[in-house]
Amino acid sequence: MKWARLISIGLLVLVAAACLLANFLAPAPYAHQFRDLPNAAPSHQHFLGTDDLGRDRFSRVLYGTRVSLLLAPAAALLSSLLAGLIGGFAGFVGGWTERIVMAATDLFLSLPWLFLLITVRAILPLNVAPMTSVVITFALLGCLGWAGAARVICADARTFSQSDFVLLARASGSSGFRLLWRHLIPNLKPILFAQFWISIPVFILTEANLGILGLGVAEPLPSWGSLLRELESFSSGSTQPWQFVPLILFIVVVSSFHLVLTKQELPA
Amino acid sequence: MKKLFAVIVFAIFAVSVALAQAGGELRFCLHSEPKTFNPVLMEDDSSETIRYLTGGVLMRVNRQTQEVEPELATSWKITDSGRTITFQLRKDLRFSDGTQFSAADVAFTMQQLMDPALHSPTGDSFRSGDGKVETRVLAKDRVAITFPAPISGLDKLFDQVAIMSATSPLKEMAVLGPYVVAENKAGAYLILKRNPNYWKHDGNGRQLPYIDSVRLDIQQNRDIEMVRLTHGEIDFINSLDAEYFDKLASSDPAMAHDAGVSLDTEFMWFNQVQNSPLPAYKKAWFTSTNFRHAISESINRSDMARIAFRGHAQAAIGPVSPANKFWFNAKLQPHPFDQKAALQLLAQDGFRMQGDTLHDRDGHAVEFSIITNAGNKYRERMATMMQQDLSGIGIKLNVVTLDFPSLIERMTRTFDYETCLLGLVNTDLDPNSVMNVWLSSSENHQWNPSQKTPATQWEAEIDRLMKDQASTLDPNQRKASFDKVQEIVWQQEPFIYLVNKNALSAVSTSVRNVHPVALRPQVYWNIDQLSLTSEVARNH
Amino acid sequence: MAKLAGKILIVVLLGGFLGATLVRFAPGFGVDEEELDTRLNNQSVQAMRDAQGHDRNLLAFYSRYLAQLLHGDLGVSRTLQRPVSQLLAERFPETLKSVGLGLLVGWSLALPLAIAVVMSRAWLLDTLSNLLVSLLLCVPAAVLALLFVLEQVPARLLLSLVVFPKVFRYSRSLLARSSSLPHVLTARAKGLGNMRVLAWHILPTAAPQLVALAGVSLSLAFAAAIPVEALCDLPGIGQLAWKAALGRDVELLVNLTMIVTLVTLLANSASDLAGKYFRTGDA
């Protein structure tokens, strides 16, 4: 439905604008601890209340959105492009190349990359800025996240390369590169888009989970991952409804991305 | 018909009253899989829990009164100025598999414990000097153990020595304690059943323990553990998080127990290792007492206790918690929170504020990092609070959370860190148990380990005082020496002590005779006297 | 067939070696939390460190490991101090149950839903299912795990909630694309009923990629088993892998990496072969 897409685009623009204007919109610095008001309920000073250290949650959501909304799609883009390139190339060329590349992909999928992340963190100086370390984490995630999709893309590309369509194109003189660019990549788009928008929440949640190992964002910088970790003890009963706002925002943004990217998939 | 009905009801009532104090299964969670069942090798929490539940010891420190009580030994005598201890053992006792207990088993256990190849931590507590530990079996029920050098607080150390059988074919699985390991599904759960040969009886002559079996589920996730408690799937949580305590206190106050301040401390320290990879100007900062004092006075400890621990902690003064009544130096004053005074102290060392940032005398902006173990919510909060506190005197603190092995590597191998925030879990009251923290030559002297000669005059003084307190048996003399150590630590602040946590636990109301205390194990220290009410409506 | 087995063997061995390399050079290798016990004297601490040190040379370790492997000995785990083969034998069935259940339930929910969405072409169903998928992708696994425990749902099913969104999304795209191909449109125009169009035209065209997806979903489920088992304290090899990672237990990790590589390769080779069958059958 057209209007669903329009609403989604509107929402994304709104969220992007809000986080770009965070400096003006935030009622308080995201790192400032209001020590008299830990875990406060929403009020006109603190729209979403405060977290367990007394920091204004609304400000943290704004700045956290900036971090996550910038970095997660960038990492997702990186991993989708890598998957498309590697899987597409292998599937299209076929033969030995495909087998070797796919075996390497399977190997890549199986290795414990956690240790690479830990090693990279160790190489970074201790006094590195929080933003730098989170950018590096997401960049690594982007470089490591392509393997799962590459296989599906490879199978797809292989099928495509053996289709009548391509035979015709070849017969009419289209060379390899032209074929790739004009025909293969557009055909792979649906899968690439699927991979892209699925990767966004996966990377955000991975960053949240890596926080358990100290590989996530460093204090006091907020990110959606760190905001979501607040919810982990929701069963303690002290979790208030407004603490779910980051999660709801997260779901809304991811759904919007999805709706925007899946334009003409379903035949009319 | 009515009469029959009444008789049946009465019978059920009578039976249930009789059963009220017997049987049942106590269920709680271990946070990791026990690594070994050999009591001599036990080092991790879970294995030590098993040892407490299954091992028979010669004497037990009563966790409530903090006094030593006889167990397998009916009496003992310390002679030879603390070098020899002679035990009179109970007669006619058997291990869980029926093997006879005698002095030979004590001798065997000591021999295993002191085996130099095993490096048992409990054994190291007994290693007062070079030379062998000699055990003489004087009779079937009398044994004398002689140590190469005197050990102060010798009797209390035997609380950790679970006696193993020298002759049983089951080896370490034959035990003298209230329970014996019956089932072990690796990684999932353990079931302990009552030891049929347990020697203890209650006042009415009934054999202990009252509870038939204990089920230990291996559950690392504290949130899930809490849910299971409220659902009635487990009976208690031995050490509870502050958030859950608050929730429980409001919904089910009878279940929430705050036993007061515990022995645990949270503290931070600066890296003072001479050949660490830090730049020289930072080493100069960290080795300056004025600097450390200033940092200590800039940290708002009461806010930390109030916010990071939800009020279930108190500001720490020194290495010993006030819960350790005898050894705590009550004369020490709490560290003030006074950022103005801190800046004055820093000015003495040439530090100056330029705008919002503090600079040292060479113009370097004061910025350093603090490492702590990731996943510990309390420490992450404390570090973040310190970040704000120190920005008040112009210092930029970077919080770096690391996974534990990376942290240990930096702390003990590479010395590539600036400050570290950790805590110490103390199970023992006696300062001898932390000797290796205070001796400058020790590997565990965290801020500057393994010194060939003491790097500072005050560290040399601490060395001397610690050795003094270990070499005399007179408790008052020992206290005088150790009090002096606490004073020096207060003045020099190699460790900046932050808070002492409270001992929080949650116990289901169906467990009777439970008296949670501050010493570990907080809830089940009197396991053989706990009982369960037989609740028909209890959901398993 | 022999070539395939040879290829798998080489890749698995390579996987083990690379896994060991990653562990060996990560910080924190060869340290033990127990060193910090304040009761230990210097000699004991030193002895502990020396004991950890014998695996420092990577090549020596790996060649020793391979030699032992030929005798069927998988080594001894340093963190749990038990033979690796015993640990794996105890925990593998647990993980197989979780993964099997997760895949079964995940696919049974995802594929029919994807088919329904594509065939019915109703935008309401499409939007709702997309919202559901977004919801499942966005809620942290820890929160879902707690929810399960609160509602007393077996924790194993958590894996299906990890598999479902991804399988649904990919299969929906694949089926949607297949259903817009010329021969399907022709078939529809000819008046062929929905079920027949699905069975004879849409599914077979999408079959090779769906089969590839099946292979990938197996390795996805295995990878997801690690955090799920660690969160819910299920005693499978996922939890074992997590503990081994935290403890830098190289003996365990080498074996686990090789097992995961083997499973991934087998699953994907099987799906490759099946895919070939579909294609040749189709032509």
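Two residues are taken to be in contact if their C-beta atoms, placed from the backbone, lie within 7 Å. Helices (H or I, at least four residues) and strands (E, at least two) are DSSP runs, numbered from the N terminus. With those two terms in hand, A:Gly148, A:Arg151, A:Val152, A:Ala155, A:Asp156 and A:Thr159 in helix 7 of chain A meet C:Pro208, C:Gln209, C:Ala212, C:Leu213, C:Gly215, C:Val216 and C:Leu220 in helix 9 of chain C. Sorted by class, that contact has seven nonpolar, four polar and two charged residues (Ala, Val, Leu, Ile, Met, Phe, Trp, Tyr, Cys and Pro count as nonpolar, Asp, Glu, Lys and Arg as charged, and the others, Gly among them, as polar).

The model is a predicted one, where local features need pLDDT of at least 70 and side-chain atom pairs count only at pLDDT 80 or more, while totals for chains, interfaces and linings use all residues. Residues are numbered from 1 along each chain as its sequence is written, and chains are lettered from A and ligands numbered from 1 in the order in which they are written. For the complex, the predictor gives an ipTM of 0.89 and a pTM of 0.89. Chain C has an average pLDDT of 85, and 97% of the residues score at least 70 (pLDDT is the predictor's confidence in each residue, from 0 to 100).

Now for the chains themselves. Chain A has 11 helices and zero strands, and its C-alpha trace spans about 75 × 50 × 35 Å along its principal axes. Chain B, on the other hand, holds 16 helices and 21 strands. The C-alpha trace of chain B spans about 95 × 60 × 40 Å along its principal axes. A compact globule of 540 residues would have a radius of gyration near 24 Å, and the 26 Å of chain B agrees with that (the radius is taken over C-alpha atoms, and the globule rule is 2.2 Å times the number of residues to the power 0.38).

Next come the interfaces with chain C. On the chain A side, 44 residues are in contact with 53 residues of chain C. At least two residues of that side come from each of helix 4 (95-110), helix 5 (114-123), helix 7 (147-161), helix 9 (176-210) and helix 11 (245-261) of chain A. Helix 9 of chain A gives the most, with nine residues. By class, the side of chain A that touches chain C has 31 nonpolar, eight polar and five charged residues.

Chain B puts 34 residues in contact with 31 residues of chain C. Helix 4 (121-126), helix 6 (222-230), helix 13 (404-414) and helix 14 (435-438) of chain B each supply at least two residues of the side that touches chain C. The largest share, seven residues, is from helix 13 of chain B. This side of chain B divides into 11 nonpolar, 13 polar and 10 charged residues.

Back to the helix pairs. Helix 7 of chain A and helix 9 (residues 194-232) of chain C pack at an angle of about 165°, with their axes 9 Å apart (axes are lines fitted to C-alpha atoms, for helices over the stretch in contact, and angles run from 0 to 180 degrees between N-to-C directions). The two helices are therefore roughly antiparallel to each other (angles under 35 degrees count as roughly parallel, over 145 as roughly antiparallel, 65 to 115 as roughly perpendicular and the rest as oblique). Helix 7 of chain A passes helix 9 of chain C in a right-handed crossing (left-handed if the near helix is turned anticlockwise from the far one by less than a right angle, right-handed if clockwise).

Within chain C, the axes of helix 5 (residues 123-138) and helix 7 (residues 158-179) come within 9 Å and cross at roughly 135°, which makes helix 5 of chain C oblique to helix 7 of chain C. The crossing of these helices is left-handed. C:Val133, C:Leu136 and C:Leu137 in helix 5 meet C:Leu161, C:Phe164, C:Pro165, C:Phe168 and C:Arg169 in helix 7, giving seven nonpolar, no polar and one charged residues.

Two cis peptide bonds deserve a mention. One joins A:Glu219 and A:Pro220, with omega about 0°, and A:Pro220 sits in the loop between helix 9 and helix 10 (224-229) of chain A. Another joins B:Leu208 and B:Pro209, also with omega about 0°, and B:Pro209 lies in the loop between strand 9 (189-194) and strand 10 (213-218) of chain B.
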